[in-house]
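I opened the model today and kept short notes as I went. The entries are in the order of my look-ups.

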Amino acid sequence: MSQKPDYTELQQRRAKALAMGGEERLAKRRAQNILNARERLSHLLDAGSFHESGLLAASYRPAARDKTPADGKIAGFGKIDGRPVAVVSNDFTVLGASSSVVNGKKIKHIRSVANESGMPLILLGESAGARMPDRMGAEGRAILGQDPAEYLRDRRTPWVSALLGSCYGSSTWYSCLSDFAVMRKGATMAVASSRVTELAIKQSVDPEDLGGWKLHTGTTGLVDVAVDTDEEALEMVKRFLSYLPSHNGEAPPIAAVPAGSDDAIKDILDVVPQSRTKTYDSREVIRRILDKDTMFELKPRFGKSLVTTLGRIDGKSVGIIANNPKFKGGSIDVDACAKATSFLVMCDSFNVPLIFLADQPGFLIGIDGEKRGAPGRIMNWMNAITQVTVPKITITLRKNYGQAYLNMGGGRNSNESAAWPEADYGFMDAGTAVNVLHGVRYEDEPERFKQLVESVTQDNAPWALAALYEIQDVIAPHETRDYLKALLAIHSRAPSRGIGQHRLANWPTSY
Amino acid sequence: MAIISINSDITGTVWKVLVKPGDSVEEDQELIILESMKMEIPVTASEAAIVQEVCVTEGQAISEGDVVATLEV
């Protein structure tokens, strides 16, 4: 009788790795209602689907090997809604999930398998930065930069990042390289921690001011959405991925159309005021056009005069860029330009057709914008839209003024354009145009001013553009959803199976 | 409790003041409405809060960046 093999050591080593940074540290997190790195994976992935890679990995320094289960970054593959994904979950209980030689090798492996086999890469961030003392001194330099593609972002598969604690170093870098970043309120993201910042530049800083959710969702735009809990953040990751293909070589998945999706469009005029001077929230229009409850807005607190949102029409994923008159009257500022460009790059890279809903009085002019390089940002957007190869459809709802008309898909910058009957294609506001062209002010000659405004306004109506076939149709607002359903089916790009040329895939990851 | 300022992000004239000190407001709720660029443009609360002070009056001309109200969050 052969001797039964003894796997005790294997079992012991696995158990030790699964115990992470020890019960004391894990209990502290439980007390604060913060999930640990493995619990996060359980919430994120389909039950039983996680296949770990590198459970027995540990520090390359023998002295630290016993204290570094999985070397602080838990890595592997799993499924979300039955679709494969690659994932790295930072384990803060192990030396603050600091970046090291071995866990760097793990990230590199996961990333390259994700690319080769066409899986989204998900990074659950919470890390202290570079591991000390490994990186100190000239010898420390020798372990950095062993992977020259470490920060290469070529958008072969979607990348998603969740910021779930203190994020410095790799968690920050990968978040900035991602297509979507969600932050739990209370988490921070910065180049270096507030402690390091205080020591280095003698500046006392509050972590929230240095890199909290308000800063990143409102001012920098580096984070798309902030939520209250880890669980909500992980739901956001799943929801974002549901709109995208697993890799750039396939079209996005098609979902079932929820019952009642055609109802909301019927009262669309209730949310769009007849008066041109009145503002409204264009997200209420978008909700009525999309399949029910499929709106997934990106960067809602950043560049608010422009809305960028994923959604579905007839079960198909679409990206919508809409001006929002509720903020700054819909005028396009520098942040709105950055937001539009990054959204164009993302949608085009992952074969998501684009819809523009235009209602804008022009670029926001003024010293502030010029100081921030507004003309360059406007041209970034123009350069991007010119290179987009997914279908582009533009609908002008009300005003569509100035050069920004082109940024919103005007002229041949869309494959197909239509207008609502109320559309106003002036170069500037009619009253301002009468001032500039005729030198007539309302205060001096009210009757003549009114007549001139009327004649200029008439000239701005969509009929001439429709007659010249520069727009393909004029549609009533309540026909918008059916119109888009029809056009998305017509512009199917059947010969390429809906896959674009991805000319923007190597563009920057923020603007 | 912290006090935050709500600044106008656009130059214009105050057309309507919609809140008074002590009012509770939601995120994105309109605080005042400006007339600017021939539009009625609302200035909204950046987050849910209590209005502490309204710093402008109807008819007043204001510039981009001016504080229109302070909120207690």
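**Entry 1, domains.** I am working with a predicted model. I looked up how chain A is divided. Domain 1 covers 8-242. Domain 2 is made of 264-425 + 461-493, and domain 3 is 429-459. I then took the centres over C-alpha atoms: domain 1 and domain 3 of chain A are 60 Å apart.

I found Leu290(A) in the loop between helix H11 (282-289) and strand S9 (296-298) of chain A. Is Leu290(A) buried or exposed? I counted 25 other C-beta atoms within 10 Å, so Leu290(A) is buried; the cut-off is 20 or more. Leaving out residues up to four places away in sequence, I listed its contacts: Leu290(A) touches Met295(A), Gly311(A), Arg312(A) and Ile313(A). I also checked Ser417(A), which is 127 residues from Leu290(A) along the chain. Their C-alpha atoms are separated by 18 Å.

For Ile32(B), I noted Val43(B) in S5(B) as the bridge partner.

I looked up where the chains meet. In chain A, 12 residues are in contact with 10 residues of chain B. I sorted the chain A side by class: one nonpolar, six polar and five charged residues.

Notes. Residues numbered from 1 in each chain as written. Chains lettered and ligands numbered in written order. Predicted model: local features only at pLDDT ≥ 70, side-chain atom pairs only at ≥ 80, totals over all residues. Contact = placed C-beta atoms within 7 Å. Nonpolar A, V, L, I, M, F, W, Y, C, P; charged D, E, K, R; others polar. Domains from an automatic or database assignment. Helix = DSSP H or I, 4+ residues; strand = E, 2+ residues; numbered from the N terminus. Buried ≥ 20, exposed ≤ 12 C-beta atoms within 10 Å, placed from the backbone. Pairing = 2+ DSSP bridges.
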